[in-house]
Structure formats: structure tokens, C-alpha cells
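Colleague: Could you walk me through this one, a few questions at a time?
Modeller: Gladly, here it is.

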Amino acid sequence: GQDTDPFATMFSVFASTLEHAYDPIFAKIDFDVDVDARRGRIGVEGVFDIVGEPIRNPVTGAEHRARIDLPHGFEYELAEIGSGTGRSRGHIELNLERSYAQFARLHLNNHGLIRHRVA
């Protein structure tokens with residue numbers, strides 16, 4: 001954080017909304033994602049676990065594809081929309097079932113988003 005330009009990334013924006021920040025947790029992160037397939041999982045044992053999958057057509061149940069394209073966005077350029085289920089424990093407890101999820105390729109440096117395509 002301290003080497004990043006002010007408000008260059010979404011993490012700086014998120015941090016600006018906090019009244020209290022907890023100490024960092026140094027632990028093994030299990031992570032696997034396929035952005036194009038809209039599937040992924042991430043977890044830290046005893047802290048949180050999240051699974052993402054494609055959204056489904058409410059009539060047929062078939063996988064449905066939707067994307068957000070932000071040519072001038074500061075978070076990402078393109079995100080696949082999915083469904084997420086997750087649980088967290090500890091200081092912030094959450095239990096989310098089939099909630100909103102995004103799958104995106106994040107290419108950031110201390111100046112913000114690294115763009116890979118012409119807007």
C-alpha cells in the first residue's frame with residue numbers, strides 16, 4: 001500500500017471506507033480459477049472459503065454468460081459475471097449463498113491498472 005499512488009487501485013478505495021483495520025493474517029492461500037469458464041475457489045483454512053461458478057438461466061438451468069466491459073475502468077478491463085458462495089469466520093463473519101461474483105484478470109502495479117487493449 002504505501003508505495004502505491006493514492007487511490008490508484010480499488011484496494012485504496014476499499015481501505016478509505018474502513019473505520020478499523022485488523023492485523024494481517026499470514027497463512028497459506030489455496031487458489032484456483034478459470035476466468036473464461038467462470039469457475040474458481042479460494043480459501044484460507046479457518047478463515048474463509050469461497051467457490052465461484054457460472055450464473056444459470058432461471059428457466060433452463062443452463063450456464064449463462066454475461067460480462068462487464070470497462071474500457072476506462074480502474075479495477076479491470078473485462079469481468080465475467082458469476083455466482084459465488086462463501087463463508088468467513090473470525091473478525092468478519094459472513095455466510096453468502098449464490099451471491100454476486102466476478103471473475104477478472106487483474107494486472108495492477110503501484111500506478112494502477114496495466115492496460116492490455118486499446119479502449
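Modeller: Let me begin with a definition: buried means under 20% relative accessible area, exposed over 50%, and partly exposed in between (1.4 Å probe, protein chains only). This is a predicted model, where local features need pLDDT of at least 70 and side-chain atom pairs count only at pLDDT 80 or more, while totals for chains, interfaces and linings use all residues. Residues are numbered from 1 along each chain as its sequence is written, and side-chain values use heavy atoms, leaving out hydrogens and water.

Colleague: Thanks! With which residue does Asp-30 form a salt bridge?
Modeller: A salt bridge here is a side-chain nitrogen of Lys or Arg within 4 Å of a carboxyl oxygen of Asp or Glu. Asp-30 is partly exposed, at 35% relative accessible area. Its closest N and O atoms to the partner are 3.5 Å apart, and that partner is Lys-28.

Colleague: And is Lys-28 buried or exposed?
Modeller: Exposed means over 50% relative accessible area. Lys-28 has 65% relative accessibility, so Lys-28 counts as exposed.

Colleague: How many residues apart in sequence are the parts that Asp-36 and Arg-105 tie together?
Modeller: The side chains of Asp-36 and Arg-105 meet in a salt bridge, 3.1 Å from N to O. Asp-36 sits in the loop between strand S1 (30-34) and strand S2 (39-44), and Arg-105 in the loop between S7 and strand S8 (108-109), so the parts they tie together are apart in sequence by 69 residues. Strands are DSSP runs (E, at least two residues), numbered from the N terminus.

Colleague: Is Glu-80 buried or exposed?
Modeller: Glu-80 meets Arg-67 in a salt bridge of 3.8 Å, N to O. Glu-80 lies in strand S6 and Arg-67 in strand S5, so this pair joins parts 13 residues apart in sequence. With a relative accessibility of 3%, Glu-80 counts as buried.

Colleague: Which residue's backbone oxygen does the side chain of Ser-88 reach?
Modeller: Ser-88 belongs to strand S6, and its relative accessibility of 18% makes it count as buried. Beyond its neighbours within four places in sequence, Ser-88 is in contact (heavy atoms within 4.5 Å) with Val-47, Phe-48, Glu-93 and Leu-94. At 2.7 Å, its side chain reaches the backbone oxygen of Ile-92.

Colleague: Last one: how far apart in space are Glu-75 and His-64?
Modeller: Glu-75 is in the loop between S5 and S6, and is partly exposed at 25% relative accessibility. Glu-75 and His-64 are 11 residues apart in sequence, and their C-alpha to C-alpha distance is 23 Å.

Methods
Helices (H or I, at least four residues) and strands (E, at least two) are DSSP runs, numbered from the N terminus. A polar contact is a pair of N or O atoms within 3.5 Å; within protein, one must be able to donate a hydrogen and the other to accept it, and residues adjacent in sequence count only if both atoms are side-chain atoms.
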